[in-house]
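Please open the structure in your viewer and keep the selection tool at hand.

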Amino acid sequence: MKTAILGGGLSGLTLARLLHEKGTDLVVIEAEPEYGGLCRSRTDKGFTFDIGGSHIIFSRDTEVLVFMRQMIRGNEQQNARNTKIFYKGRYVKYPFENGLSDLPPEDRFFCISEFVKTLIAVEKGELADPETFRDWIYYTFGRGIAECYMVPYNEKIWKYPTDKMSLHWVDGRIPRPPVDDVIKSAIGICTEGYTHQSVFSYPLDGGIEALVKAIARPVERYIKTAFRIRSIRKHGARWLISNGTETIEADRIISSIPIQHLVAALPGVPEEVRKACDNLTYNSLVCVNLGIHGSVPDYSWLYIPDPALGKTNRVSFPSRYSRHVAPEGSSAILAEITHQPGDPVAQMSDEELIAEVTGMLSGMDLATPDQVVFASVVRQPFAYVVYDREYQKNMGVIRDYCRTLGIPLVGRFAQFEYLNMDGCIRSVLDFMQSYPA
């Protein structure tokens, strides 16, 4: 029995490794010339940047965290998170509700007052249960935290109105803040939120790609790169997977490629399924990578909710993750800009994007244009799943159809779920519990 794994990103490679360990005959089919998906890295002029945005290794899931750290054993730098939110010219401790004492006094009062009022209203049963993501933000944090940070930042990253987003995905991803922590933070007593990422790891050499290369090492000879799938069809009991000039045969297939690419390759897809697939919403990503002469602040990354500062929603400092990603005397900055496919950001040239980011950094006193010694732009068409209010219905139709075909979906864009790296690996581990060898 030969198994074809569609897609050589983190999910596909982890799946290949585990199936190989069980003795499965397999092939991994990857469209790009190099495997790794969003977890690839590039080194140029001594600077190493991850091409899919800022990646770090952390997890609440002990089994997954142990697996990832084993993969980079001997090539690991551990870091204490020092993350801020740039708010009205101030560097506010992250998460926002743990940094209220850093706010201007009027905003601090607004946030704590509305948090307490909302808490009392919820306990009295005076607030209706939330129906949208925006409802959930107000219901959980109160109007102050919602309007100062949570709504503007989330609408900046998702490029979608929060009142048109589902809330089914929130629990477990955005923790509900303990009441004591919010009150303590407002009066200046230090508290920590999101403690599962307060210490994180990163490969010392090779960027995040070092993780996927370590995972892929036992199965590299089974990876077929530069094979862009054009059609997938059944012939008797066999699957025929073609790029238009070459065909790979397999007894079973597992898909980790974007669901849009899978559906486009299948013949005779019902109109209801195609329509559901077309209606899925996602964001693309632009990464602007800057190598600068000199040092950067001792921050891990910054969130930038204010649209007046520019299009960037997050800035990270990879040279704080690993001391080997920038030449001696230099530092690395990675700015992330999410956008909708085909929108004005997608039409901007590399030069315009670099100027946009360097202007923002200069205005924030983080780096001046004359410090920039290296710049590059990387674009990712698939980056973030957006959970609109039709998401569950549309994905239900698609999952049911793939189930009837006997095509399992594993990983971020195959399952069309907002999964971090640890979530991708967990999806593979859970799948392996039920998949026959």
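Two strands are said to pair if DSSP finds at least two bridges between them. The model on display is a predicted one.

**First stop: the sheet**

Select β7, β6, β15, β16, β17, β14 and β18. These seven strands, taken in that order, form an open sheet with mixed pairing. Which strands stand at the edges? They are β7 (90–93) and β18 (372–386); each has a single partner strand, so one side of each is left without a neighbour in the sheet. On average, and with direction ignored, neighbouring strands of this sheet are turned by 25° against each other.

To see one bridge by its residues, display R314 together with its bridge partner in β17, E336.

**Second stop: helices across the sheet**

Helix α4 lies across β6 (84–87), β14 (281–293), β15 (301–303), β16, β17 and β18, and runs at about 95° to β18. Next, select helix α10, residues 350–363. Helix α10 lies across β14, β16, β17 and β18, and its direction makes an angle of about 65° with β14.

Two packed helices are described by the angle between their axes and the distance between the axes. The axes of α3 and α4 come within 7 Å and cross at roughly 160°. Angles over 145 degrees count as roughly antiparallel, and therefore α3 is roughly antiparallel to α4. The crossing of α3 past α4 is right-handed.

Show the side chains at this contact. From α3, the residues are D107, F110, C111, E114, F115, T118 and V122; from α4, they are Y138, Y139, T140, F141, G142, R143, G144, I145, E147 and C148. Sorted by class, the contact of α3 with α4 contains nine nonpolar, four polar and four charged residues.

Is E114 buried or exposed? Its relative accessibility is 14%, and it therefore counts as buried, since the term covers values under 20%. With neighbours within four places in sequence set aside, E114 is in contact with G142, R143 and G144.

Select α8 (residues 271–278) and α11 (residues 391–405). These helices pack at an angle of about 130°, and their axes are 9 Å apart. This angle makes α8 oblique to α11. The crossing of α8 past α11 is left-handed. On the α8 side, the contact is made by E272, V273, A276 and C277, and on the α11 side by N394, V397, I398 and Y401. These residues of α8 and α11 divide into six nonpolar, one polar and one charged.

Select α1 (residues 10–21) and α6 (residues 209–216). The two helices pack with axes 8 Å apart and at an angle of about 25°. This angle makes α1 roughly parallel to α6. Helix α1 passes α6 in a left-handed crossing. L10, L13, T14 and R17 of α1 make the contact with V212, A214, I215 and A216 of α6.

Begin with the loop between β7 and α3, where P95 has its place. The peptide bond that joins Y94 and P95 is cis, with omega about -5°.

Then select G188, in the loop between α5 (179–186) and β8 (199–203). G188 has a relative accessibility of 48% and thus counts as partly exposed.

Proceed to A226, in the loop between β9 (223–224) and β10 (231–235). A226 has a positive phi, about 55°, although it is not a glycine. A relative accessible area of 52% makes A226 exposed.

Finally, select F416, in the loop between α11 and α12 (421–434). Phi of F416 is also positive, near 55°, in a residue other than glycine. With a relative accessible area of 0%, F416 is buried.

Definitions and conventions. Residues numbered from 1 in each chain as written. Predicted model: local features only at pLDDT ≥ 70, side-chain atom pairs only at ≥ 80, totals over all residues. Heavy atoms only, no water. Helix = DSSP H or I, 4+ residues; strand = E, 2+ residues; numbered from the N terminus. Axes fitted to C-alpha atoms, helices over the stretch in contact; angles between N-to-C directions. Contact = heavy atoms within 4.5 Å. Parallel < 35°, antiparallel > 145°, perpendicular 65-115°, else oblique. Left-handed = near helix turned anticlockwise from the far one by under 90°. Nonpolar A, V, L, I, M, F, W, Y, C, P; charged D, E, K, R; others polar. Buried < 20%, exposed > 50% of the residue type's maximum accessible area, 1.4 Å probe, protein only.
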